[in-house]
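Visitor: I have a protein model to look at and would like to learn how to read it. Could you take me through some features, step by step?

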Amino acid sequence: MEWESDITKTCPITLLDTLRKMVMKVITNRLSQVMIKHNILKGNNFARLPEGATEILIKIMNLIIEDAKIHHKPLWILLQDLSKAYDRVDLKILKKAMNYIKIPSRCTTFILNFFTKRQNAIMTTGGISNFYDVKIGIDQDEMISPLL
């Protein structure tokens with residue numbers, strides 16, 4: 001679609017420096033393994049972990065749809081758009097959630113510091129924009145975003 005200079009009609013991509021990505025990948029891998037080992041995430045909250053998957057949920061949804069078709073039952077499905085969820089996470093709430101699942105405070109502080117007091121710029125066909133302060137700084141392309 002034509003974006004008509006309306007930033008809400010875009011999905012910006014943030015290019016992160018290599019060192020930052022490597023550090024966050026190590027943290028994500030270690031945190032994932034701890035969450036698996038201690039069975040921290042339960043129910044359907046573990047799809048992002050290495051042992052998790054959405055395959056079973058998709059199969060269940062498909063069976064429900066097939067049952068409704070075969071038996072001519074009405075079916076209502078509610079979908080939620082999470083396309084911009086990760087760059088709208090309140091860091092205070094994230095800190096409380098990390099404390100709740102007993103992530104060590106030094107690790108929590110380290111992760112939260114990655115997402116505070118940062119600046120971004122946007123690459124356009126006319127060049128790179130001026131830098132702006134990132135208000136809530138969890139980028140969707142961060143390794144750790146889906147886990148958080």
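Visitor: Is lysine 73 buried, partly exposed or exposed, and why?

Guide: Keep in mind that this is a predicted model. Buried means under 20% relative accessible area and exposed means over 50%, with partly exposed in between. Lysine 73 has 45% relative accessibility, so it counts as partly exposed.

Visitor: Which residue forms a salt bridge with lysine 73?

Guide: For a salt bridge, look for a side-chain nitrogen of Lys or Arg within 4 Å of a carboxyl oxygen of Asp or Glu. Here the partner is aspartate 67, and the closest N and O atoms are 3.0 Å apart. Aspartate 67 is partly exposed too, because its relative accessibility is 29%.

Visitor: How many salt bridges does that rule give?

Guide: The count comes to 1.

Visitor: Now the nonpolar residues. Where should I expect them?

Guide: In soluble globular proteins, nonpolar side chains tend to be buried together. In this model, the largest nonpolar core has 15 residues. Leu31, Met35, Ile111, Phe115 and Ile144 touch the most other members. Helices H1 (18–37), H3 (91–100) and H4 (105–114) each give two or more residues to this core, and H1 gives the most, with 4 residues.

Visitor: Which residues form a nonpolar patch on the surface?

Guide: They are Ile56, Leu57, Ile60, Met61, Ile64, Leu75, Ile77 and Leu79, with about 740 Å² of accessible area together. Take isoleucine 60 as an example: you will find it in helix H2 (residues 55–70). Isoleucine 60 counts as partly exposed because its relative accessibility is 44%.

Definitions and conventions. Residues numbered from 1 in each chain as written. Predicted model: local features only at pLDDT ≥ 70, side-chain atom pairs only at ≥ 80, totals over all residues. Heavy atoms only, no water. Core = buried A, V, L, I, M, F, W, Y, C linked by side-chain atoms within 4.5 Å. Buried < 20%, exposed > 50% of the residue type's maximum accessible area, 1.4 Å probe, protein only. Patch = residues over 30% accessible without salt bridge, like charges linked within 9 Å, V, L, I, M, F, W, Y side chains within 5 Å. Areas by Shrake-Rupley, 256 points an atom, 1.4 Å probe, with all protein chains shown as cover.
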